[in-house]
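Subject: Structure handover

Hello,

Here is the structure we discussed. Please open it alongside this message; my notes follow below.

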Amino acid sequence: MNARHTPHRLVRHGTAALLALTLLASLAQAADTTPAAQLERFSQLAGRPGDATRGQAFFTARHGGEWSCSSCHGAPPTTAGRHASTGKRIEPLAPAANPGALTDTAKVDKWFRRNCKDVAQRECTADEKADVLAYLIKVTP
Amino acid sequence: MSPLPRMASRVIAWACLAIAPAWADDRPSTPQRLHPAYVAECASCHLAYPPTMLPAASWHRILKGLDQHYGVDASLDEATVRQLSAWLSANAGTGRRAAVAPPDDRITRSNWFVREHRDIPSAVWALPSVKSAAHCPACHRGAEQGRFDDNDLVRPPGLTPAQGRAWSD
């Protein structure tokens with residue numbers, strides 16, 4: 001048998017390929033949480049459950065600035081959005097349309113921090129985040 | 001062929017070979033492997049612009065001001081900024097195009113960018129399908145892969161026949 005095709009080699013190659021795939025998958029989507037767990041986290045911080053109706057109002061309103069959340073994410077955010085200044089495609093934010101949405105705690109925190117400053121010129125409160133998450137989880141295509 | 005023209009043609013051939021690497025250096029090609037943090041953090045909002053499109057000095061100023069990044073908060077944790085700084089320094093433009101930092105460190109205000117897009121009417125930039133000069137893939141089909149050749153252009157939807165002349169020139 002050719003040494004290049006020993007079963008041992010094949011297993012090793014298979015393992016390496018599997019490791020590479022796992023790494024790629026983890027890079028593409030860290031997935032350390034679920035949308036429901038994120039809603040629960042902010043509801044606890046707010047001391048009340050998130051309210052989807054209030055979340056929708058917050059999401060689609062401008063808060064004294066040029067943009068609303070929906071300027072980039074669309075209304076409803078069940079289809080791909082476009083960045084309001086660069087035109088870049090943004091994957092749908094509603095988990096119903098994008099299974100990868102809201103599944104990475106660090107990303108949820110980072111984008112709330114950045115985007116609330118862009119839309120509301122300040123960080124959002126736990127109440128607002130819980131409301132927006134309740135809306136995003138509820139909205140369907 | 002007499003000896004003199006042959007020698008001349010050799011000189012020209014060698015001169016071309018010598019110049020070729022300098023041209024290559026000025027091309028806005030994307031490195032084959034983009035840094036994962038560059039893709040994850042920067043390319044969420046805009047194209048992963050080839051780092052050769054700006055000199056290192058511009059990239060450093062951009063990284064220092066991410067909390068006010070062209071009207072948007074793009075702030076990052078320090079560790080990620082350090083990674084991006086090292087990678088962008090190593091891959092920044094070094095050729096003729098990158099000799100001068102463009103105003104406001106904007107790629108779109110670089111002399112070469114303005115020159116190469118001088119025939120594009122302002123109404124074209126304002127088309128909903130284009131939206132911004134930062135939205136390269138609206139016309140450059142291969143932009144995501146670092147290809148910006150003139151012979152690989154698409155006409156953005158909404159272009160009038162008159163506006164389209166720049167595409168066929």
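A residue counts as buried if 20 or more other C-beta atoms lie within 10 Å of its own. By that rule, 21% of the 169 residues of chain B are buried. Keep in mind that this is a predicted model.

Chain B first. Chain B has 7 helices and 0 strands, so the pattern along its sequence, by DSSP runs, reads α-α-α-α-α-α-α. Chain B splits into domain 1 (28-106) and domain 2 (117-169). The centres of these two domains, taken over C-alpha atoms, are 23 Å apart. Among contacts in chain B with a separation of 6 or more, 63% join residues 24 or more positions apart.

Now the cores. The largest nonpolar core holds 22 residues. Those with the most contacts inside it are L39(A), V132(A), L133(A), A134(A), Y135(A) and L136(A). At least two residues each come from α2 (35-46), α3 (52-60), α5 and α6 (126-138) of chain A. α6(A) supplies the largest share, with 7 residues. Leaving out residues up to four places away in sequence, L133(A) touches P35(A), Q38(A), L39(A), F42(A) and G50(A). There is also a second, separate core of 6 residues, including L54(B), W59(B), L88(B) and A98(B).

Last, the interface. Here 9 residues of chain A contact 14 residues of chain B. On the chain A side, helix α5 (residues 105-120) gives the most, with 3 residues. By class, that side has 1 nonpolar, 4 polar and 4 charged residues.

Best wishes

How values were computed
Residues are numbered from 1 along each chain as its sequence is written. Chains are lettered from A and ligands numbered from 1 in the order in which they are written. This is a predicted model: local features need pLDDT of at least 70, side-chain atom pairs count only at pLDDT 80 or more; totals for chains, interfaces and linings use all residues. Two residues are in contact if their C-beta atoms, placed from the backbone, lie within 7 Å. Helices (H or I, at least four residues) and strands (E, at least two) are DSSP runs, numbered from the N terminus. Ala, Val, Leu, Ile, Met, Phe, Trp, Tyr, Cys and Pro count as nonpolar, Asp, Glu, Lys and Arg as charged, and the others, Gly among them, as polar. Domain bounds come from an automatic or database domain assignment. A residue is buried if 20 or more other C-beta atoms lie within 10 Å of its own, exposed if 12 or fewer, and partly exposed in between; C-beta atoms are placed from the backbone. A nonpolar core is a set of buried Ala, Val, Leu, Ile, Met, Phe, Trp, Tyr and Cys residues joined through C-beta atoms within 7 Å.
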